[in-house]
Amino acid sequence: MFSTVQAAIGFAYPIGLGLAALGAAIGIGNAVRGAMEAMGRQPDAIPKIQVAMIIGAAFIEALAIYALISIFLTGGITK
Amino acid sequence: MEPVHTPQTDQHSAASPTTPAELSHAEALQGDAAAHQGSEAHGGHGLVLGRHISHPPEPPHLIQIWYDMEQEGLIEQYMHDHPGGAKPEVIEQWLAVGEHGELKAKDGERPTAAQALHYGRLDKPLPIVDYLPWENHVYLGLAMVLLIAIVLAATGSFRRDRRMAMRKPSRGQLFIESLVGGIDDFAKGVLGEENGRKYLPFLGTLFCVILVSNLMGLIPGLKPPTASLVITGSLALCTFIVVQATAWARLGPVSYLYHLMGQPKDLIGWCLAPLFLVLEVISDFLAKPLSLALRLFGNMLGKDILFGAFIGMGISFVSAVSHLLNAPDFGAYIGVPLTIPFYALGLLLSAVQALVFALLSTIYIMLVLPHDHEHGHDDHHGHAHGDDHHGHVAPIHEPVPH
């Protein structure tokens with residue numbers, strides 16, 4: 001029914017996706033923490049910090065999204 | 001997207017033919033089908049075809065067909081059992097089509113609700129929905145029509161007294177005006193007074209089109225066109241062309257190359273220039289457009305798949321309960337609306353992704369603008385903003401990591 005390769009991919013994909021999400025979560029957590037601290041210190045600069053934070057978060061988030069897309073594009077293998 | 005029905009399917013979609021004409025026609029078709037049952041190969045067109053259904057299947061050809069047939073040698077067995085018959089082809093993963101166009105699962109049983117959801121209701125004729133290559137373009141066109149209608153309505157073009165729109169703006173008009181003002185402030189904040197105005201139409205259009213497209217995904221029955229790589233790729237291509245055209249026009253060929261080489265100033269810089277050239281070319285020509293396209297596509301498709309998974313879960317729940325209660329499968333008709341909490345998430349995600357796309361496009365444009373020019377504007381602009389706190393987005397001096 002399923003080949004060994006399919007089974008291996010079926011096990012590896014969720015783990016890889018979880019790792020990608022973990023890394024992105026750590027990254028975004030750090031970024032947002034830094035931004036929050038900066039905002040607390042300098043409320044005047046909030047718009048500027050927010051924009052920079054969103055850009056950074058988008059870059060970090062993109063990496064997790066790539067992992068997700070790789071599942072969309074190759075998920076058919078495991079079927 | 002236009003559902004393609006087979007003639008046979010349409011006949012059977014009337015569960016009980018009411019008029020005598022319909023009845024006789026249906027009977028004739030069934031007789032016809034029965035007559036052809038023995039020799040199934042008439043006409044060259046076969047069943048169907050993976051994702052794209054080019055010919056509507058005809059009744060005698062609608063035997064049970066499964067995804068696994070190929071793997072399990074069922075096609076060979078079928079061909080052995082029906083010598084001279086048309087070779088069945090794979091339709092879809094678990095999809096089977098009965099003689100009368102109804103769905104059947106692998107063992108000849110009815111498919112589960114989640115399976116049937118994909119193609120239509122249980123025990124109903126198969127609505128063969130062809131995933132046409134241009135469906136996303138249709139939805140994008142719909143998004144644009146919606147957008148134009150919103151703008152016309154907001155500017156009072158549908159009102160009989162158009163002057164009143166100037167004097168007493170409606171709530172919608174005020175909302176749209178504040179949106180446009182916000183985008184204007186943002187573009188001017190990042191790009192400077194003059195350039196901001198120049199790129200405002202492009203950036204604003206990008207933001208609005210993506211926002212409306214994303215939000216279309218929250219309306220049942222519509223599909224967000226941004227959940228397709230074709231559309232997001234085209235949008236990213238627009239940004240790419242605008243950025244490159246800006247770079248060529250503003251910098252000129254020599255400065256453009258100098259920019260691509262990482263603006264070397266000393267000997268070490270010039271030694272590293274070939275490396276920077278490769279890096280910058282990859283970054284500008286591949287990484288930026290691809291990351292723009294993939295980010296939007298991945299987010300939107302991920303949201304869609306999340307919704308689909310929870311819709312399926314709600315339907316499976318109802319199916320299971322009706323099975324336990326020995327009732328007919330209500331899951332084919334209703335489901336527990338488990339997706340409701342995710343609509344809030346979808347709203348947030350749609351807005352944030354549209355914002356991020358427009359924001360990054362702005363940043364990419366800013367990066368290729370001549371720097372001294374930009375700084376002059378920024379200084380002037382920054383002082384103007386230091387005095388009055390409008391909550392405008394302040395100019396960004398920090399370069400963005402590639």
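How are H9(B) and H12(B) oriented to each other? Keep that question in mind while you set up the viewer. This is a predicted model, in which local features need pLDDT of at least 70 and side-chain atom pairs count only at pLDDT 80 or more, while totals for chains, interfaces and linings use all residues. Residues are numbered from 1 along each chain as its sequence is written, and chains are lettered from A and ligands numbered from 1 in the order in which they are written.

Select chain B, which has 13 helices and 2 strands; helices (H or I, at least four residues) and strands (E, at least two) are DSSP runs, numbered from the N terminus. Of its 402 residues, 28% count as buried, a residue being buried if 20 or more other C-beta atoms, placed from the backbone, lie within 10 Å of its own.

Next, select residues 229-260 of chain B, helix H9, together with residues 340-368, helix H12, whose axes come within 8 Å and cross at roughly 15°; axes are lines fitted to C-alpha atoms over the stretch in contact, and angles run from 0 to 180 degrees between N-to-C directions. H9(B) and H12(B) are therefore roughly parallel to each other, a term for angles under 35 degrees, whereas those over 145 count as roughly antiparallel. To see the contact, show Thr239(B), Val242(B), Val243(B), Thr246(B), Ala247(B) and His259(B) in H9(B), which meet Ser361(B), Tyr364(B), Ile365(B) and Val368(B) in H12(B); contact requires C-beta atoms, placed from the backbone, within 7 Å. The residues of this contact divide into 6 nonpolar, 4 polar and no charged, where Ala, Val, Leu, Ile, Met, Phe, Trp, Tyr, Cys and Pro count as nonpolar, Asp, Glu, Lys and Arg as charged, and the others, Gly among them, as polar.

Then move to chain A and select helix H1 (residues 4-41) and helix H2 (residues 46-74), which pack at an angle of about 180° with their axes 9 Å apart. H1(A) and H2(A) are therefore roughly antiparallel to each other, and the residues of their contact divide into 21 nonpolar, 3 polar and 1 charged.

Finally, colour chain B by pLDDT, the predictor's confidence in each residue, from 0 to 100. The chain averages 69, and 57% of the residues score at least 70. Over residues 373-402 of chain B the pLDDT is below 50, although this stretch has 42 contacts in the model beyond near neighbours in sequence. Where pLDDT is low, the predicted coordinates should not be read in detail. For the complex, the predictor gives an ipTM of 0.75 and a pTM of 0.64.

Key. Angles under 35 degrees count as roughly parallel, over 145 as roughly antiparallel, 65 to 115 as roughly perpendicular and the rest as oblique. Two residues are in contact if their C-beta atoms, placed from the backbone, lie within 7 Å. A residue is buried if 20 or more other C-beta atoms lie within 10 Å of its own, exposed if 12 or fewer, and partly exposed in between; C-beta atoms are placed from the backbone.
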